[in-house]
Number of protein chains: 2
Amino acid sequence: MPFAPIEWQNNKVKIIDQTSLPKKLSYLYIQTAEEMFDAIKTLKIRGAPAIGIAAAFGLYLGIKDYKTTSFKTFDKKFKDIIKYLSSCRPTAYNLFGAMERLQDKVGQFKKYPIETIKGAILEETLKIQMEDNKTCQSIGEKGANLIKDADAILTHCNAGGLATSGYGTALAVIFKAKEQGKKIKVYVSETRPLLQGARLTCWELAQEKIDTTLICDNMAGEVMKEGKINKVIVGADRIALNGDTANKIGTYSLAVLASFHNIPFYVAAPISTFDPKIRTGEDIPIEQRDPGEIENFAGKRITPKGTKIYNPAFDVVPNSLITCIITEKKLVYPSYRKNIKKVL
Amino acid sequence: MPFAPIEWQNNKVKIIDQTSLPKKLSYLYIQTAEEMFDAIKTLKIRGAPAIGIAAAFGLYLGIKDYKTTSFKTFDKKFKDIIKYLSSCRPTAYNLFGAMERLQDKVGQFKKYPIETIKGAILEETLKIQMEDNKTCQSIGEKGANLIKDADAILTHCNAGGLATSGYGTALAVIFKAKEQGKKIKVYVSETRPLLQGARLTCWELAQEKIDTTLICDNMAGEVMKEGKINKVIVGADRIALNGDTANKIGTYSLAVLASFHNIPFYVAAPISTFDPKIRTGEDIPIEQRDPGEIENFAGKRITPKGTKIYNPAFDVVPNSLITCIITEKKLVYPSYRKNIKKVL
């Protein structure tokens, strides 16, 4: 990919400020856990796998200059930062998964000097990032087997390089199919309110010179009816053990529409998106975001005062509407409860 | 209603400039057919019934100062203006219906002096407007019978007073139900790209102090799944003889979603929206609008250059997804082909 959404450089985390795309590609240099919290909260960095990596770096930034020789004191501080970062965004499982993984690592190193533990945290964080890179490549390869020459694929929001360590999940499938020489068209739903489809996915697809058409979210049914789409591929923020999948708001509507038009509906996500503690989608917490995201656009108010706003950031697609979940290990088909257990 | 979207005043047509709502309520004074063409084309006035009335006034403005004593010369000019105004927006049938009605009127008056014919055109135009007012009231009454206390209704785009002579079609049902003392909640989908739901419908509902919640278009499936909606009511731009209904883009997706969730889906429209020459929705011409409507928002570009844009202004809901069409004469249920013939 021609860009790196998140990099560890000179004791700082260099991230692309995704809120300024597609207008300009600019970077932020994050130096503290608080700055990382803010960057995630305000969607300067977003996308479930990227949030996991970013939070892991945030945790290291929060602990790296903490002075103590007592493991107990260190561990309390460490857990406080985990609690703090975990309160940032509630839906994407990768954040909690990354925190748990670092917590396990610290557990393994508890007999070692604090500086060694810190080193282990950084090492594990870089490992999470590197693994994500390989994972995305594998998702791309596994998923590309589903793509045929001349396919027209609808995707929603951004499940691309920007949402991961750099190659994406849903978009990895598209990138890989293109690398394999398949000619594909991609339709992108703009993804209100924050337009991640229009701003980020179209930008990524433009870098790769992929034939891209942007539509408003409410046009999805129409383009399906017109026969313009033969596959839908989206990412995921959290997947329950029965396959119910939380993803960007609008994904559920797309899944219903795809089902109505007999169009396969694929979810592409790393295993780290599966939450082993959650049995069905009903238990996935859904983030409610600021009404201002809908009330205002580019500083202009688009609705009168007094109008209430409902702004859930995600919705949950029931497993019955999902044709297949594309993971780095394999394509997971129904029955999901059984087959997900196998890949975990 | 506390506002008049279109008024004949001192030989001018006074219209609300709908593009400046909800920020301010400002008026335009239209004096020529060309100005009316522009006002309709740029959506300063929009909504199928309102377009019909506006085009009728536009036709009168185009002919009222035309000097001739020859009927043949007059009739040529008259038909040229009809052709011109008919090229303005292709989907809403009311425009063509109004033009035909004035053409018939001129046919009846062909033996009369030109000034008398002109008077007859203005009189017929004012009659179209007045009839629309009564029609909207009747639609409201007929439709309100379907509404129960505590209903939560989803509507799309603007089928309100602004889209008609002043009381609306889909919103007339809501206004009338409220006048009957029914407590109702209304959910409004914002209606990208031009946000007629957020800007216009929320504004109208705010005037009437109706409990209103704005959602993004892609949230419709989710609010239905959550059980927040028990009826969908929309307007129509053109209805075929079999009940297939063209309406603002996004309506088709809502109809599929409503069907999936077993929520009744109602179309509210005057008889003048039925096109007696069109047998099915496949024959309804769909306006494609400027890509700039999607590429830019409030002067800000939201997607990279090179991304293609697909921007149909309308879609067609097949009759199978429509529970009932609310007209001023009666509630029209399936089978539509038979029952529409009866009301025409």
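**Note on the predicted two-chain model**

1. Strand 10 (residues 265-268) and strand 15 (residues 324-326) of chain B run parallel, joined by 3 bridges. Within this pairing, Ala268(B) stands opposite Ile326(B) of strand 15. Keep in mind that this is a predicted model.

2. Strand 14 of chain B is another one to look at. Strand 14 pairs with strand 9 (residues 245-248) of chain B in the antiparallel sense, over 4 bridges. Thr245(B) stands opposite Val317(B) in strand 14. Which way do the side chains of strand 14 (residues 314-317) point? Phe314(B) and Val316(B) point one way, Asp315(B) and Val317(B) the other, and all are buried.

3. Over all chains, the whole structure holds 44 salt bridges. One of them joins Arg238(A) to Asp275(A), with the closest N and O atoms 2.7 Å apart. Arg238(A) lies in strand 8 (residues 238-239) of chain A, and Asp275(A) in the loop between strand 10 (265-268) and helix 10 (292-295), so the pair ties together parts that are 37 residues apart in sequence. Arg238(A) counts as buried at 5% relative accessibility. Asp275(A) is buried too, at 2%.

4. In chain B, Asp275(B) and Arg238(B) meet in a salt bridge of 2.7 Å, N to O. They are 37 residues apart, in the loop between strand 10 and helix 10 and in strand 8 of chain B. Asp275(B) counts as buried at 2% relative accessibility, and Arg238(B) does at 5%.

5. Arg289(B) and Glu293(B) also form a salt bridge, 2.7 Å from N to O. Arg289(B) is buried, with a relative accessible area of 16%. Glu293(B) counts as buried at 14%. In chain A, salt bridges that share partners join Arg89(A), Glu287(A), Arg289(A) and Glu293(A) into one network.

6. Now the surface. Leu25(A), Tyr27(A) and Tyr29(A) form a nonpolar patch there, with about 270 Å² of accessible area together. Tyr29(A) sits in strand 3 (residues 27-30) of chain A. Tyr29(A) is partly exposed because its relative accessible area is 43%, between the 20% and 50% cut-offs.

Conventions. Residues numbered from 1 in each chain as written. Chains lettered and ligands numbered in written order. Predicted model: local features only at pLDDT ≥ 70, side-chain atom pairs only at ≥ 80, totals over all residues. Heavy atoms only, no water. Pairing = 2+ DSSP bridges. Helix = DSSP H or I, 4+ residues; strand = E, 2+ residues; numbered from the N terminus. Patch = residues over 30% accessible without salt bridge, like charges linked within 9 Å, V, L, I, M, F, W, Y side chains within 5 Å. Areas by Shrake-Rupley, 256 points an atom, 1.4 Å probe, with all protein chains shown as cover. Salt bridge = Lys/Arg side-chain N within 4 Å of Asp/Glu carboxyl O. Buried < 20%, exposed > 50% of the residue type's maximum accessible area, 1.4 Å probe, protein only.
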